[in-house]
Structures are given as structure tokens and as C-alpha cells.
Amino acid sequence: MKNITLDYGKALAFVREEELSQLAPAVKLAHQLLHEKKGPGQEFTGWVEWPQTYDRQEFERIKNAAARIKEQADALIVIGIGGSYLGARAAIELLGHTFRNQLKAEKRQAPEIYFAGNNLSPVYLKHLLEVLEGKELALNVISKSGTTTEPALAFRFFRKLLERKYGVEGARERIYVTTDRNRGALKRLATEKGYETFVIPDEIGGRYSVLTAVGMLPIAAAGIDIEEIMAGAREAMELYANQNLEQNPAYQYAALRNLLYAKGKTLEVLVSYEPQLHSFAEWWKQLYGESEGKDGKGIFPAAVEFSTDLHSLGQYLQEGLRNLFETVLMFEQSTAELFIPEDPDDSDGLNFVSGKSLDFVNKQAFAGTLLAHADGGVPALVVNIPANNPYYFGQLVYFFEKACGISGYLLGVNPFNQPGVEAYKKNMFALLGKPGYEQLRQELLKRL
Ligand SMILES: O=P(O)(O)OC[C@H]1O[C@H](O)[C@H](O)[C@@H](O)[C@@H]1O
């Protein structure tokens, strides 16, 4: 079976092979810190072995719950924010139909899926409630802390809706809770109400949790083969446990981005040529942004979709400030084959590509852009993915997680905490009048 590969040929005008080799000892040290659980944040490194150690019984329960959801519901509402929804959304969008919610139910063979609790917009919630009218519903609420405001608020709305629609008993059968084993308001509520619960392990932080019940339940409910995802992740776990930098593309990626960062490339743009990767990029942004952006350091993770954004941000990428590099996600094979029809009149002047597949044209856009951007002073790392399927999704997730842990250690930060996220929350609570925040409220009101 083929594996994911990393091509950094188009970065070699900016970093030399020797510079990469010189990082090998530092990478080895980072590897040891991570694997021996001796580095900063070591209590949150359970994801490293997870593809092998995950709870098989719970996994079966996830599959059963997913089967029940498919029977119960026309639509599944997935409530969560950050690490508690981005991974599931990434998988469902990448591995499913681009327009899955609009497909006929027989074709989809699984419920429509809607995400909630990832913003505070009343418009979003109102519109979602309108779309759900008349549909049979099930709900998966996901929160590790069990106290995050956005999902907790959304859950209050939807719990009431389900209780109105199905009664308290009926709602209980349609509400699935994924949270901490013991702690948090959500856990308490689930116990009190008797909801079926799934566990987010203590030793796995939100942004590294897609391969736990956090991602697996909604992904399975969407009709995606989660065994295959775990098989891909397991393979990746073996592949990327190799300490040897020359043989480990995940470690090369970690090392190269640190080398580029040291040369002033402080912004990394994740590039894709497949709209299905949109939410994957969102997942990746959280993974790297929260893991590395601290202590006044870190690469800013951004994302673009080509060729769409070549007609907007393309200008900046080609000729703007030279503080960026690109990481391109490329599927070797597209899941759809479409050939460009012949037109005898050639009135649109496109016969030079007739008979060619659209995927071929997309790949020429990729090749052309890669060269143009290299000429424009933008280094590129290319992550080649053999195919778009659950197996390689599992591999890709683990590739980026492993690289992120190593990259954070190379940068000299704790890649497993996110202390900075609390600042806005405190202010918001104070402004909302949450008990315990009275003094801060007074201070803030003076400043507004
Ligand atoms: O799963 P939860 O505890 O609700 O957290 C959801 C998200 O919100 C927080 O503010 C963190 O910054 C994220 O790392 C986390 O993934």
C-alpha cells in the first residue's frame, strides 16, 4: 500500500538539505520527549498511541449508536466547537458528497448533518431551526470540558426542542453526549438525564481528539467507515514512530517548517485544490495555531483553496510580503473522473484541452502555480496523498498531529496547552454578569 509522501523540492532554494540534516539531533530529542512522555504537556500525549490503545468496546458502542442514529433521524445535529467539532466536520466533508445534505436520502443512506454550537450567532441558530422543521432529529453534543459557552447554549436550545418534540423519554433516546469521563456540567447533566455518553480521554486534548468518540460518532453516523480511518491512523503511527529524520516525512515537515520560520517565513498557507478539504484546513489551523502560537512565537496558520483563491489572494501570494510559505495538500487521484467534451466550433477556444480530464487540468494548475510561486519567492512543501478515502484520512490526521507535537517541541513551546484562549472568555463572562466576575466587570465597563 502506498503512503503519504512529502516533497520539499520546491523549498530547497530557501533551505538547504544540510540545514535539514543538522536538525536531526533536535528532532530525535523531540521524538524522545514525546514518546517517553517527558516533554512539556506530557499529560496530554495519549493521542500518540491512541490508534493502538483505543477502547475497542467503546468503539463498538459508537458503531451501534451510529446505526441507531441512522434509523432514528433524518438529521443529526452535532454540537461542539474547536477540537470538539472541526475533525468530524473535516472528515464528513472530505469523505462524503460535496452537497450531502441536499442529496436524496436513499442516495445518502445516512442522516443530514448540521453543526451547531460553534458560534454565538442568533441568525445561524434561527436558520438552522428553520431547516430542521418537520425532520426527525438526533443530537450529539460534544465538549471535553463540558462548560464551553457556545455548545452549552446551543445544547440548551436543542434539548428543549427535542423534549418538546419527543417528550423527555423520547429525547433521552436521541441525545448522545461526548464529554469527560467524570467532570463538567455536561457530564452531570448526562448522568442526571440518563443520556448515552462517550468518553474524551483525559490524556487527549480537544484538537488531538478526532480519532476518539469526538470524531468517530458523528463520522460513523454520516456513513463513513471508521474502522478504515483507524487502520490508516495505525499505519501512520508505525510509520511516523521512526526517529530517523531521513525516513520520516512527518518529522521532515516539522523540521522544515521550523527552518523556514527561522528564516522569517512566519506565515504558513495550507493550500488545497479540492473544496472538500475546506474543513480539513480549519481543523489543521486549530491544531497548529493553538499548539504553537504562544510565548510570543509561532507560525500563523492560514489556508487557501485553489484555483478559487488564485483569483483573489493569488496576487498577494505571488508578489506580496515575502514572509510566507505554502504547504500543499495534493491527492494523487481524484475520486471523480470527468472528461472535457469536444466542441467542433471551438467557439470558446478550449479545444486544446478537450478529451483531457478535469483532474488533469487541476493538476496543471497546481504544477504551474508551484513554479510561479517558487519564482515569486514562496517556498512550498507538498504533501502527496495517494487517494481520498477513510484510510488516508486516518493517516493524514496522524501525520499532522505527530508533526505538530514534534514541531512544537522544536519551537520550544508546550504544544498541548492553550492558555491564551481564556483571556476573551474571562472578559465575556464578566461583561455578561457571570457570578464571580463582578470586579473585572467594573474594570472592563470603564474601559469600553
Ligand atoms: O471540548 P470543549 O471543552 O468544549 O472545548 C472546545 C474548544 O474550546 C476551547 O476554548 C479551546 O480553545 C479549544 O482547544 C477547544 O477545542
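User: Which residue stands opposite Ser-272 in S8?

Analyst: Strands of a sheet pair through backbone hydrogen bonds, either parallel or antiparallel. Here Glu-305 is the residue of S8 that stands opposite Ser-272. Strand S7 (residues 267-272) and S8 run parallel and are joined by six bridges. Two strands pair if DSSP finds at least two bridges between them; helices (H or I, at least four residues) and strands (E, at least two) are DSSP runs numbered from the N terminus. This is a predicted model, in which local features need pLDDT of at least 70 and side-chain atom pairs count only at pLDDT 80 or more, while totals for chains, interfaces and linings use all residues. Residues are numbered from 1 along each chain as its sequence is written.

User: In what order do the strands of the open sheet with mixed pairing lie?

Analyst: The order of its five strands is S1-S10-S9-S7-S8. At the edges are strand S1 (5-7) and strand S8 (300-305), each pairing on one side only. Direction ignored, neighbouring strands are turned by 20° against each other on average. S1 and strand S10 (residues 380-385) run antiparallel, with three bridges, and Asp-7 stands opposite Val-382 in S10. Strand S9 (residues 324-331), in turn, pairs with S10 in the parallel sense over six bridges; Leu-329 has Val-383 as its bridge partner in S10.

User: Where is Ser-307 placed?

Analyst: Ser-307 lies in the loop between S8 and helix H14 (314-319). A cis peptide bond, with omega of about 5°, joins Phe-306 to Ser-307. Another backbone feature concerns Lys-37, which is not a glycine but has a positive phi of about 55°. Lys-37 is in the loop between helix H2 (24-35) and helix H3 (50-53).

User: At roughly what angle do the axes of H12 and H16 cross?

Analyst: Axes are lines fitted to C-alpha atoms, for helices over the stretch in contact, and angles run from 0 to 180 degrees between N-to-C directions. The axes of helix H12 (residues 249-262) and helix H16 (residues 390-411) cross at roughly 40° and come within 8 Å. H12 is therefore oblique to H16 (under 35 degrees is roughly parallel, over 145 roughly antiparallel, 65 to 115 roughly perpendicular, the rest oblique). Residues of H12 including Tyr-251 and Arg-257 meet residues of H16, among them Phe-399 and Lys-402. By class, this contact has ten nonpolar, two polar and two charged residues (Ala, Val, Leu, Ile, Met, Phe, Trp, Tyr, Cys and Pro count as nonpolar, Asp, Glu, Lys and Arg as charged, the others, Gly among them, as polar).

User: Which residues around the ligand come nearest?

Analyst: Of the 14 residues around the ligand, Gly-82, Gly-83, Ser-145, Thr-148 and Gly-206 come nearest. A residue is near if its C-beta atom, placed from the backbone, lies within 6 Å. The shell divides into three nonpolar, eight polar and three charged residues.

Methods
Contact = placed C-beta atoms within 7 Å.
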